[in-house]
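Subject: Handover of a predicted structure

Dear colleague,

Please find below the structure that I am passing on to you. My notes on what was found in it follow directly after.

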Amino acid sequence: MYLTLSRLDFILGLVLFPAWLAAALLVRRQAGRPTAGRARRAARIALVVLSLALLATVAKLVVFVQLAAMDWVFVADRRSITLLALLLPAVLATVVLTLPRVVSAARRRPEDREAALSDAERARAASVRTVLPPQIAAVGALAGFFEKFLPPHRSTLLNLAVGIGLLALFTALLTVRARGRVRRLAQGVTPARRSAGRTWGVRLGTTVVALGAVFGLVSFGLSNSKLPGTFSMMQGEPDYGGGPAGGHNHLAGGQHLHGGSGSAAAVSVDSLKGPREGKPDRVFNLTAQEKKVTLASGKSFTAWTYNGQIPGPELRVKEGELVEVKLTNRLPGSIPVTIHWHGLDVPNGEDGVAGATQDAVQPGQSYTYRFRVEESGTRWYHSHQQASEQVKRGLFGPLVIEPAEQTRPVDKDVTVVAHDWETPGGTFPAFGTSDKLDRRTAKAGEKVRLRLVNSSNLTKTFALTGVPFKVTALDGTDINKPGEIKDQLLVVGGAQRADAEFTMPSSPVRLTDSSAAGAGIVFSPDGKGDIEPKLDGPEFDLTGYGEATDTPFDAGSKAGRNFSLVFDDWLGFYNGKFGLRQTINGKVFPDAPMLMVKEGDLVRTRFINRGEEDHPIHLHGHHMLVLSKDGRKTTGSPVWLDTINVRPGEQWEVAFKADNPGIWMDHCHNFVHTGLGMVMHLTYEGVTTPYSVGGKAHNRPE
Ligand code: C2O
Ligand code: CU
């Protein structure tokens, strides 16, 4: 619904300027017609175009009202400025002043069509009241035409001031021009016709000057937007979320420090590590290397892999274990890597973000991560160095943590990593490397758990057909008393996970990614047979599923910090490229807000998506409890997520406990957007980092 309205709003914004420009020119044209008959014809044409412009304006207003009815936030800032302040007043003036005059001119029946237009009629047609309103409407509509170029959030006053200023300026200029014309017409002076050659000369000259100006602006924008070679992650503007800025800060382990950046007692992320001592319960070696890989369909391409596999090897550990992972980089050239443990709340120093918690690991080098796993469920890992490139190419894998005590044993535990592989022949969605129909056997009566991991940028919609099932976990955290559902589509945002369980019937069951309806997995007792995927079911709704149970805090708890984050798209330059930037509160990385918290705070955050694409927002190091969606409190089982898929027009409210000191990335997991600036971070007071973006290690956290 929002998406349709938003697109309609955008298209109408593009249509309104040419419509009002045409209307303004045609209205003005009447007075210059030599004969009564031609003046009448001009008035009629003007009337038609004027009506169309008015109609488009009414349509825009209707769309505006519908968006506002969803929530005022969706029309706040840019949309209300361009429509209400800059366009509507002139449109109203047109209806009151211009329209009646054009209507009467169009209805006039001249006795002699060839007779000259009478002076009175010509004066009326040329009067300021007739011609000026649609001209100002055209100027106002220009703001709507360029709306995506306007600063998007909380720049309302700036946009308003600049818009009104320009509008006033143009109104003054156009008034002087219209008055001059009235005077000339009254004196019977018809403007001397310029020669065709001169007219074209003027046009050409104007075009060249305009193109030159645009070119100058573009090259300035391109070079000016380039990010510096090296900078600190900590340069965003701090947002304290209504909490105190600075003050006393108690860290785990009894350290006592005086907070605020620049404080002498600051804690470095380097000291926030997992246990350095002790024999690990599990040791894994992951080697980043380039490898030629082949999908089930035979398509092959060169991938960047962990241990030569895509996805990387499934790491299975048990809750409570001390895990040691040695990363070795054998990638060619100078491609550095890291590993981030997505959805696992490790100590900050083990988080694997190049430029924030470590330097990227260079080819030929190794790096060891050590942490104790204090939680269970489906997680995954991926490189957090230039993730837009590295994850796409294969540097990721599943991480499954068995609970200390198995509460839901199954016969078959199947991990399905859904990814979009970019090959020379195009992009192909696959489960692991399987981009065809994959047949597996499962005996009737067996319990099957599917761990769905979406490692791609875009939201995936899964259909599980042929059996009722339960959604037993989201982002790896169990759902309390999940109910049985059937034929509901599981919508899993980029980086999110969903576990689904079912009891195998004697007939086939099929799992399908809706973007690859011909592929998927078919389970059947004999490894044969098939079933049509049902891709048109209702979407599973996590906001009222399962049964309520206690949580450490809820929607009624008072939070020490309250953040509100609005996502917009903004057309312009970013890091040397022109295009849509993905903004958070009107800013892009590294200027996006830095969310400041203190250990122990309860933090409440509202996410609002005013753009037109899904934003799976991932907070490192914490689990967020969903409080409400689109203003409605959640019911049913508590839902704890590490990634909130905020779709266009959606508003989510979450809360989490600030209980894991550090500097934590908080970003959109569509890495295309990450590269377009949608990156912020959560910073605990008193924590600093010695690492920086760029520099010798070529750290690129995004
Ligand atoms: Cu899975 Cu910051 O990422
Ligand atoms: Cu996004």
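Helices (H or I, at least four residues) and strands (E, at least two) are DSSP runs, numbered from the N terminus.

Strand β14 also pairs with β15 (residues 426-431), in the antiparallel sense and over six bridges. Within that pairing, A418 stands opposite F431. Two residues separate β14 from β15 in the hairpin that they form.

The model is predicted: local features need pLDDT of at least 70, side-chain atom pairs count only at pLDDT 80 or more, and totals for chains, interfaces and linings use all residues. Residues are numbered from 1 along each chain as its sequence is written, chains are lettered from A and ligands numbered from 1 in the order in which they are written, and side-chain values use heavy atoms, with hydrogens and water left out.

As to the chain as a whole, its secondary structure comes to nine helices and 38 strands. Of its 702 residues, 53% count as buried. Along the principal axes, the C-alpha atoms fill a box of roughly 105 × 65 × 55 Å.

Strand β14 also contributes at least two residues to the lining of the second largest pocket, as do α8 (387-393), β25 (561-574), β26 (577-584), α9 (671-675) and β38 (693-694). This pocket has a volume of about 840 Å³. Its lining comprises 44 residues, and those closest to the centre are Q386, S388, G675, R700 and E702. By type, the lining divides into 17 nonpolar, 20 polar and seven charged residues. (Ala, Val, Leu, Ile, Met, Phe, Trp, Tyr, Cys and Pro count as nonpolar, Asp, Glu, Lys and Arg as charged, and the others, Gly among them, as polar.)

Grid points are joined across faces, edges and corners, and a volume is the space filled by probe spheres set on the points.

Two of the strands named above, β25 and β26, pair in the antiparallel sense over eight bridges. D568 has T583 in β26 as its bridge partner. Their hairpin has two residues between the strands, and N575 there takes a positive phi near 45 degrees.

The search of the whole structure finds seven cavities of 30 Å³ or more. The largest cavity holds about 200 Å³ of space. It is lined by 18 residues, with R78, R79, E147, K148 and R610 nearest its centre. Helix α1 gives the most to it, with four residues.

Yours sincerely

Conventions: Pairing = 2+ DSSP bridges. 1 Å grid on protein atoms, 1.4 Å probe; cavity = no way out; pocket = protein on both sides within 12 Å on 5 of 7 lines; lining within 4 Å. Buried < 20%, exposed > 50% of the residue type's maximum accessible area, 1.4 Å probe, protein only.
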